[in-house]
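Here's a quick briefing to read alongside the coordinates. Have a look at the fold first, then at how the chains meet.

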Amino acid sequence: MATLENGKGTTLRYAVGNMLSIFILLLIGVLAFSIRLFSVIKYESVIHEFDPYFNYRVTQILIVSSAINHILKSLNYDLSKHYRGLVAYLLFQFLTKNGIYDFWNWFDDRTWYPLGRVIGGTVYPGLTLTAGSLWRILNSLNIPLSVETVCVFTAPIFSANAAWATYLLTKEVKGTGAGLMAAALLAMVPSYISRSVAGSYDNEAVAIFALIFTFYLYIKTLNTGSLFYATLNALSYFYMVCSWGGYTFIINLIPMHVLLCIVTGRYSSRLYIAYAPLVVLGTLLASLVPVVGFNAVMTSEHFASFLLMVLHMQVFIIIHVVALVYYIKGILSPKMFKVAVTLVVSVGMVVCCAVIAVLAALVASSPTKGWSGRSLSLLDPTYASKYIPIIASVSEHQPPTWPSYFMDINVLAFLVPAGIIACFLPLSDASSFVVLYIVTSVYFSGVMVRLMLVFAPAACILSGIALSEAFDVFTRSIKFQLPGVSGVSHSGAEDTTTGDVVIQNDIVKADKHSSTYKKEDALKERPSKKNRKKEREHLEKASIKTQIEKRLLVLPLEASVISILLLVLLGAFYVVHCVWAAAEAYSAPSIVLTSYSHDGLHVFDDFREAYAWLRHNTEVDDKVASWWDYGYQTTAMANRTVIVDNNTWNNTHIATVGTAMSSPEKAAWEIFNSLDVKYVLVVFGGLVGYSSDDINKFLWMVRIGGGVFPHIKEPDYLRDGQYRIDSEATSTMLNSLMYKLSYYRFVEVDGKGFDRVRRTEIGKKYFKLTHFEEVFTTHHWMVRIYKLKSMKNRIRGKTKKSKSSSKATTTASSKRGGRRKKNPWY
Amino acid sequence: MSISVKPSVHLLLLLFTILCSSLTPFKAFSESDSDRVAELLNLQSRSKSGVIHLDDHSLNRFLTSGKPRSYSLLIFFDAAHLHDKHELHLKEIRSEFDLVASTFISHNKNTPSQSKLFFCDLEFKESQSSFALFAVNTLPHIRHVDPQIENPKDSARMDQSDFARLAESMAEFVESKTKLTVGPIERPPVVSKNQLGFAVVALLLSTPFLVKKLLDGDTLFLDSKVWLGLSVFVYFFSVSGAMHNIIRKMPMFLADRNDPSKFTFFYQGSGMQLGAEGFAVGFLYTIVGLLLAFVTQILVRVRNVTVQRLVMIFALFVSFWAVKKVVYLDNWKTGYGIHGFWPSSWK
């Protein structure tokens, strides 16, 4: 429609529109950043949760090692003053490399004692490298921020980036208006906030940006057919692979979309360009990441890797076959073409079958038959909950109920269906991709609540589209029917409305201008595009037509006004909900807890108290055993070696700790002693009512332990199938180490031993510890640290022996005595 | 030499007769026991799953009067009229029981242990006195009767937790009680080999036709309405938490404990949901979007202003109600107090 206006007015309008959208985008970025700062304002600038502590440690190591190299190398190179500038540049490059190699080769002996853990090959380096480079850039600009500060604010920065990426993606699908709307929605979607508040230094924060950006580049390539964007797409995919295991979602979704396009007869050369380079380059790049390696193509330890392989190979072959068919179609006569098609299709199918057979053989020969636990839990949703306690125990892997959707995407849940329908009218390559994205992600989010994070951007995009279409229709209805406005001009009408709606109208304006672009796009899709001039004429005619049509397509004025008001109300409700979620639900660092009661705010800083105690009062090489949830924190904050941590790579080791916790004192002591453990740490919430304590996690310890060591049986800990710790509890339960360490001396608090989490009096109140001694209990009893008693008598026997070496007979007798009293506690 | 041999032969003969005579009572008993074992084996082979169906009479023969026994019995107490009460899971436990039985039989075929343990079932309507004999008054109920047990009431009852993990835990129970090995439980595959083969052949045969149709471009695949319906359905299915219901095996609704004629459709507490509840809210989630799309995409094309107005008012009303309802339900279910952060001077 813009082509009708005179040139100057149009360019001015475009300029104003562009400026406005840039300004809005800036505001969206600020919004995305600032809504995530509640945690820093309400608490302090700390890293929270369990996993991020590990990432923080990795970043520290990365930066420290490269800094040391920096100093060493600069000493060496200082002689060559002539080429300082050049050398400094080379040095910087060399250093970054060196830092990375140190990082690759880092073997962590502070965890998984006595096994240790190879860090370089087992982590996704994207986040740490990002934060590391951010820190280095800031430092080179003479902004001396600490490593921790950079880590704390990485996530908010990247959520602003993610919002902009969403804008770009949605703009490619449905124009600027929808893009701005979607970006604004994504900036504050609670699901994403939960993983990216300041201080949650987690892979997902960066990965969601990478995910959206990769999709944007894919669609951009699909729309333009440019090899430049295809290459960028592969690079962005590489970044995603570096950042998060969720990259498999991308590399499964894109082939699926390609297949869908081919099946529905939407093949074009642009599709080929969007797909083939991504697969070839992307897979090559992905195999450069140590943690992925050739997993990306070959192994079966990856989520739906089987699907991935088959899809890839098949789609790759199919797209080539189809490309060939289209090529042949162009150069042959119809009759010849038919023959050729039969030939190509049959050859293609034979090749396809052969590849499938080879793959099937390969997969069948692998031990897990090509399925890993996590992938099976997606395809057969009931798999994990039945067979793999270590997956089923994690709350992130539970299937969500309907309130989770309302909590995580809020009113967007209402708008998505409208967005889906809008994408079908008309269906383009880009919009079909978005639909496929939402359908797959919503299905997977239904299986695992964790994947809600992948679903949230899709929900934002489609809700953005839906809202923008709705505002488009309603504002148009108002604009063309307002009394006093003839309907020809495009100005004036908007000025009367309130500020909120002005922005919306601008969005609509921008959307209209983009709708011509859409038309262009739709025309582009026709395979024969020889005469561009003709097309443009068509386009102009079409746009005149659409304008006339649009003027006719209006709704009643007052109903439209009410609709707009209600939609704005809905949006306002969304904002209130998001701010509430950001401020109350997701900003509490789980390392510092607070609670409100009638006498004001209580702060429970017991975790840090306990870790500080460990750091100051134990030897550097002491080993601390605890349930795996606290592993990362203990290594990062107390700097002590742990037996298991949150990277649950070794089930047997975790089961060993679980078994020790569920065993009676003596057996537990033996297990811990064999692992060189000096201290045992338990988290106990019974005094203050902290419900996610070890007693509540205890059944999982039993299950996981029992999975490897069959003498631990879950029924022994349950009375008639019920988990209880009161006087009705089984004796196995009351004698387990976890029970004893949690409730030791608990009765001294109130004389009754009333557990405020389980809301009952404990079963066994007065008991003594034989093999463990209490060394530290925090202020609110939330963390209790015990020391393993050493085998005193044996040591005394030994010293006696050495002292009385002259008298052989007495030595022998004392030896015998020592042997008889091998275990002094029994 | 010959003289000395004779007495020894006599002695041997004597010894033999003494031995024989002393063995006779045992022999007589063992014959009847082996008869019963043979009959049980026979019954077992006649039953499809290997579970022997007993009634009052046969139970008496094999258990109460047949003493002492060399075999133990694992008895499943069944009641056909309770099969439709899903919360008892009688049918499922029964099929798992069958599975354990067939596994045991196939694993121990032609070994001595095959006659050591027999899987039986009792039907309540036929054998009420046997139920009384064991003092069984709740179902599901599985009992293991040792060879030594005199009074059936002393036999070991399988705990709730032992059939909680289905066949595997039942097998553990059996193994711990009898010291026999049940063998690895092998569930029959969902699709049998023949069916799989048939499917593959059918697929292969139909591929050329499908490809032809695709190339001609007249399949359902090309109809965007099908895709649209499918995607909206998947969306509805997922947001209603149906996957949660499948994984957790949630019922559609619960009957009230105190008053069975009343049903609970909504469960308070965000960690759990009932089937009907999920679908109701999923419907509310979806209907708003569908109405919005209908108004903005289809209703604008309608020329009649009155129709437009009426439909819009209807749509607005329904949408408003749906959103309000979901917000209310969510607050009720989760107990979150979602509130805005207004400037303190406004209060």
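How many helices and strands are there in chain A? Chain A has 34 helices and eleven strands. Keep in mind that this is a predicted model.

**Chain A on its own**
- Chain A runs to 826 residues, and 54% of them are buried.
- Take the contacts in chain A with a separation of 6 or more: 73% of them join residues 24 or more positions apart.

**Where chain B meets chain A**
- On the chain A side 63 residues take part in the contact, and on the chain B side 66 residues do.
- Together the two chains bury about 5,600 Å², and carbon and sulfur atoms account for 79% of it.
- Within chain B, the residues losing the most area to chain A are B:Tyr235, B:Ile247 and B:Tyr285, which together make up 12% of what that side buries.

**Polar links across the interface**
- There are eleven residue pairs in polar contact between chain B and chain A.
- The interface has one salt bridge.
- A salt bridge pairs A:Glu558 with B:Arg309, and their closest N and O atoms sit 2.5 Å apart.

**What chain B brings to the contact**
- Helix 6 (193-216), helix 7 (224-239), helix 8 (242-248), helix 9 (275-298) and helix 10 (305-334) of chain B each put at least two residues into the side that touches chain A.
- Sorted by class, that side of chain B holds 38 nonpolar, 20 polar and eight charged residues.

Technical notes
Residues are numbered from 1 along each chain as its sequence is written. Chains are lettered from A and ligands numbered from 1 in the order in which they are written. This is a predicted model: local features need pLDDT of at least 70, side-chain atom pairs count only at pLDDT 80 or more; totals for chains, interfaces and linings use all residues. Side-chain values use heavy atoms; hydrogens and water are left out. Helices (H or I, at least four residues) and strands (E, at least two) are DSSP runs, numbered from the N terminus. Buried means under 20% relative accessible area, exposed over 50%, partly exposed in between (1.4 Å probe, protein chains only). Contact means heavy atoms within 4.5 Å. Buried area is the accessible area (1.4 Å probe) that two parts lose on being put together, summed over both. A salt bridge is a side-chain nitrogen of Lys or Arg within 4 Å of a carboxyl oxygen of Asp or Glu. A polar contact is a pair of N or O atoms within 3.5 Å; within protein, one must be able to donate a hydrogen and the other to accept it, and residues adjacent in sequence count only if both atoms are side-chain atoms. Ala, Val, Leu, Ile, Met, Phe, Trp, Tyr, Cys and Pro count as nonpolar, Asp, Glu, Lys and Arg as charged, and the others, Gly among them, as polar.
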